[in-house]
Amino acid sequence: MTKLALLLLFVPAVALADTAAPHALVVHVPPVEAAAGEPVTLEAMLDAPYAEQLVVTWHEVGDPAWHDEPFARSSAGAWFATLPPAAPPGIAYFIHGRDGGGVDVPHFASAQDPHVVHVEPSLVDRLEDLDRGRNADLRNEISVDVAAHDFGNRFGLPDRFIRGEVVYTHRFWRVLHEVGFGFGDVSGRTPEMSAADASTPLHASRYGFGQIRLRLHPSVFVDGRLGLAVSQNGFGGTARGQLTLGKPWRSCVQVGADYLSDLGPSLWARLQWDTAPPVLMGASVVRTDLPGAVLSRFGVYLAYDIAYRLTPRVSVKGQVSYGPRDGSAHFGGGLGTALSF
Amino acid sequence: MRTLLIVLLLAAPAYADSEPVVLAVDGKDIYINLGAKDGIGAGAQLELLHEVVATDPTTGKALHDRFALGTLAVARSGDGASLAHADEELAKRVLAGDHVRLVSDKKTYVDPWAAQVEASKAAAQPAPTSAPIDHAALAREAWQATLGQPPEQRIARWQELLAADPSSTYRRAIETELTSLRGQIQQRDAALARARTSTDDRAARIAELSVALSKADPFVERALIAAAPIDHVVPDQALGLAFLVRAPAKLGKAFLYSRTRGEVGFHRSELRRDGDAYLRGEIPPQTVQEPGIEWYVEIAPPQGEAEPALGSQTAPRTIEVAHAVAEPPPAPDRSHVDLHVDYVDFDGKLSKGFDQYYQAEADFGYRFLDPIYAVRLGFGTLSGVGGPKSVIDHDPTNMCLDTNGRYLCKRVTFSYVYTELEYRIRPTVAVMVRPQIGVLSTDELPTDDANKCQSQDTTGCRFLTGLGGRVRVRLGDEQATNLVLGAGFTRGVGTLLEAAYHWLPAPVVPVQITVQVTDQPVIEDFGVRLIGDVGYRRLGWFYPSVRVSYQARSLDHTGVSGGMAMNFDW
């Protein structure tokens, strides 16, 4: 045997293009799933590794570029090929070798039919993908909303307000779903008492605010807002919170509260439904002291609103409201638009 | 071992440009893919390296690190390979594939065949002729052309030389070389023939490797086929499975059975063979659904019946499927809006009586189905006049005065908002709970102005917060035949007990018959109402309805009235 081996040592070159050329065997248990962000290690047993140059050829699913990773042997005897940390949806690979004749030898799967190691995206990742698709990957929005309501008054005195807000929103679509900041203005008149000769001074507040929306569950959102305001009485603040059960862009129930210093609190419950696409409709019951009412705690109105997405970037909405405070109910309304970019 | 050694030596030149490695180990003999052309010869020192794959736990990045095991001494070298020796202890640790590194100085070695050619050139100077043939130059040129070529091409080149220079002074040496090359080809082919893998040999090699793999990784299954563990997948994506076949000789066909947990039967698909020793298959996306997948594999030997190999029909393996987050398109018939008004006249005198009221409501509802079946939200007004039946009926002045001349009727207006939650205990049993709150104004002075308490003159008016609620139970199909039983109470307004039967005598004609017992609009005598409500659904999303009611607090205190509604369904 040794003689033969030594004899062959002096053979300068041998063509191995013959189809019967010796080949390695690769035995491993193909992984089916991997954790996101973790490298994928293939552990294999090889024989005749010298007969071929063995590599794992891989690519991330969706990326057409293939990469090669050679097998390396550990001191324990097994062979390893470590693929880089994978991202959803996964990583695809096949194992092959190139023999001495330059012939490609498949060992497991192929470029045409690679084996996919699934990387399960986190729930947040999956939701973000949905949000990105739904919003055409437009992460920013500027919205302008104006709403007014006339409560009427048994003495014919003015009891009404108008509120306008401009809000810039940036969407993250993660647990921190979005952040925003804006500027608002509320002004109106309301009687100081329930009397025919009550004065109806102008109440107003101009405020700036920052706000966030948290997605605590696929169908539970919490909005929070804090801001600073200046009113007819001086410097103050504003705060707002809202809980959404469901998705704000689908059918949902929302309950919330809002407070403006010197102008009072508002509470609302809103039901929104999406069953007549592309129109989004909602009905709200709002109890409010705006614009700083003191004569009655019963300022309540029912609002019905419709939103319509004109284009993926532009949507408009309108609202009508009806409700009393001190006397018979009267109407109100509102308009708004939003531009995504 | 011999076969493998031959094979590796044949293959060695193909790796001339790759990293130097141990080609094979035969006892103390260690074959390296470095030779004279690499500056390696007898006495050269090589460092033996092992490689380890290490992962930085902080970055997750893997790197290949090498470390020295010891030194090998080269005993003999060929052009592209060498034979080295190691001491006994080190020899035990050397494995084919190990990397080596030259640690002694490189030297230049002379090719013995080239030296022989040069020597023969000097010894055989041809006699000068008129057209002298430089046999040496031709032979040297042919030799250079054969270097690095496989033996077949070398033979062809030498034969070409002999044809071109039949009188070559090197003819004998060339013919000797041709014989040698042909012999080497025969030996090589014989070695390759032995190295060719037959089916049986492959199966044995795979089985041997599988055993080694199991030793290296104790988590690898010992069954006929082995699969990697899989716990969770996301829904709606095909799941490709691959299995290592540990004993290919025992495998004829293999079948994958899968189903969504809860399905009655399994879907069968044949696994396809792949690569060296694998089976592959796929669980289709329609099966990859919540709450999970159940699967098993059956294997049939070449001649025999299929038997479970991984899991079984009675004990399938399971994979959890994550909750679907994809948003379904808006479902029709999930929202309902109705605007209705109902005028109730208990004493038959319409607006001139003292026991009438109207109630108007705007109701918005959406069926979420789960976990709360439906949520409703609405705004309503109940406004009217009422009082003791005995006073109303027996006052000869028809002014609701008692025998002492006191006015005992009241005019009430209750404006309220409400929310209602509907929870389904069973598919045909629903419970609806509705809290409501509003402003109740009560005018205890006689007036014809129904809105007096909403005007400037609030004499005799009292205002209070009206809290109330209503509970209903529905038995049956919400949008077809059902029976609703309910009870409600509102402070200052009264009590309402009701039973309503709803059905569809025709698909476009919803009908509801209701019986109510109530003391509204003021808390006095109870009366009974019989209400018939008929709609006509010409459009899918809208239908109007009208109602007629008969109500009585006694046989001589009755009235007929009605109402209407507009219903929107999206």
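In chain A of this predicted model, four strands form an open sheet in the order E1-E3-E7-E6, with antiparallel pairing; a strand here is a DSSP run of E with at least two residues, numbered from the N terminus, and two strands pair if DSSP finds at least two bridges between them. The edges of this sheet are strand E1 (25–28) and strand E6 (72–73) of chain A, each of which pairs on one side only. Strand E1 of chain A is joined to strand E3 (residues 40–47) of chain A by four bridges in the antiparallel sense, and A:Val26 has A:Leu46 in E3(A) as its bridge partner.

Elsewhere in chain A, strand E13 (residues 176–189) holds A:Asp185. The C-alpha atoms of A:Asp185 and A:Gly208, which are 23 residues apart along the chain, are separated by 8.9 Å.

Chain B has 28 strands and eight helices, a helix being a DSSP run of H or I with at least four residues. Of its 570 residues, 34% count as buried.

Residues are numbered from 1 along each chain as its sequence is written, and chains are lettered from A in the order in which they are written. In this predicted model, local features need pLDDT of at least 70, and side-chain atom pairs count only at pLDDT 80 or more, while totals for chains, interfaces and linings use all residues.

Methods
Buried ≥ 20, exposed ≤ 12 C-beta atoms within 10 Å, placed from the backbone.
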